[in-house]
Amino acid sequence: ESVSNMIAAGEVVENPASMIKELLENSLDAGSQMVSLEIKNGGRDVKIIDDGHGMNKEDLLLSVERHATSKISKKDDLYNLYTYGFRGEALSSIAAVSKISMSSKTKEENIGNYITVLGGKITNLKEIQRNIGTTIEIKDLFFNTPARLKFLRKAATEYGNIKDIIIQEALANPNIAITLILDGKVSIKTSGNGIENAIVEIFGKNVLKNVKSFDLGFLGNGTLYRSTKDSIFTFVNNRMVKSKIIENAIIDGYYTKLMKGKYPFAILFLNVDPKEVDVNVHPSKKIVKFSDEEEIYNFVLKKIESTFERDDN
Ligand code: ADP
Ligand code: MG
């Protein structure tokens, strides 16, 4: 495998969670209604099954080549918040550092195709019977990059990070049925029946107690009332982001004597002109700044104040 591909792999495939995010976003980009993820071996073994539009033989072979993106038109808009894929290097990077098998079928074909890739090289190609959609199986992530392997955390930690990613994606895509299975046990399962169901399916049925739905999403003490900001989920143009200004607006707008240093449970969806958003991409989160932070702050604050009664006592 070329050095440049190995370097690229380090950037895209930082850890199992970041790899899984890329794979899931590919499935979502393919218009899937159902995505299922089976994870084992601390995130080194991953099977992802989707019912998206699939790939024909040519596209399947191409997909593991570097910069083979079918979404190239969006490439210049690097941090576009509307679409997931843009760089065409996720699959090739994953392929460079793992043992992959993939099968896929499109609706135009009667038969699907199956390939295996080892350390970036295609080792097998054959036709197979299968449904429309794509199945990707990754084994032994980082088998040929000992340094990276050494940095893997213990399974429980990797699984926690994976679960966080899936929760974010499931909330951002509440009309897609997403299942996460960790070591054979169902960890998350959404039905694809809307945001309210997704919240209950992810956090349990009590979470919506004391939570109100309003223009921007959901807000209240809930049962996730926490002393960290982890209970605040903000989505800008359907991507999970972190924004201090939005968090402040939530906290300021929803200040009650109940708070006592705790944070409410909030799920907010905002749509903003991508030109007005500056995204700082970290491995696990996107920190956003708005060109007019004050405007966003006031917008969120007003929405909250008009829904929730203030209690400053
Ligand atoms: P990108 O998503 O940036 O285009 P990737 O390396 O993630 O690049 O994927 C390469 C290409 O493989 C995609 O552009 C897409 O055409 C194809 N692909 C990957 N995963 C899937 C999938 N689950 N269903 C259909 N096509 C896929
Ligand atoms: Mg992609």
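**Helix pair.** I am working with a predicted model. I started with helix α8 (residues 244-253) and helix α9 (residues 293-307), whose axes come within 8 Å. They cross at roughly 30°. Angles under 35 degrees count as roughly parallel, so α8 and α9 are roughly parallel to each other. I also looked up the handedness: α8 passes α9 in a right-handed crossing.

Next I listed the contact residues. From α8 I noted I245, I246, N248, A249, I250, D252 and G253. On the α9 side they meet E293, I296, Y297, V300, L301, I304 and E305. I sorted the residues of this contact into 9 nonpolar, 2 polar and 3 charged.

**Open sheet.** I then traced a sheet of 5 strands, which is open and runs in the order β9-β10-β13-β11-β12. The pairing is mixed.

I looked for the partner of G220 and found F265 in β13.

What packs on this sheet? I found helix α6 (residues 155-172), which touches β11 (232-236), β12 and β13. The direction of α6 makes about 125° with that of β12.

**Hairpin.** I moved to strand β7 (residues 177-182) and strand β8 (residues 185-189). They pair in the antiparallel sense over 4 bridges. L182 stands opposite K185 of β8. β7 and β8 form a hairpin, with 2 residues between them. In the turn I noted D183, with a positive phi of about 45°.

**Positive phi in loops.** I checked two asparagines. N41 has phi near 55°, positive although the residue is not glycine. I placed N41 in the loop between β1 (34-40) and β2 (45-50).

I found N238 in the loop between β11 and β12. With 17 C-beta neighbours inside 10 Å, N238 counts as partly exposed. The buried class needs 20 or more, so I left N238 out of it.

Terms used:
Residues numbered from 1 in each chain as written. Chains lettered and ligands numbered in written order. Predicted model: local features only at pLDDT ≥ 70, side-chain atom pairs only at ≥ 80, totals over all residues. Pairing = 2+ DSSP bridges. Contact = placed C-beta atoms within 7 Å. Axes fitted to C-alpha atoms, helices over the stretch in contact; angles between N-to-C directions. Parallel < 35°, antiparallel > 145°, perpendicular 65-115°, else oblique. Left-handed = near helix turned anticlockwise from the far one by under 90°. Nonpolar A, V, L, I, M, F, W, Y, C, P; charged D, E, K, R; others polar. Buried ≥ 20, exposed ≤ 12 C-beta atoms within 10 Å, placed from the backbone.
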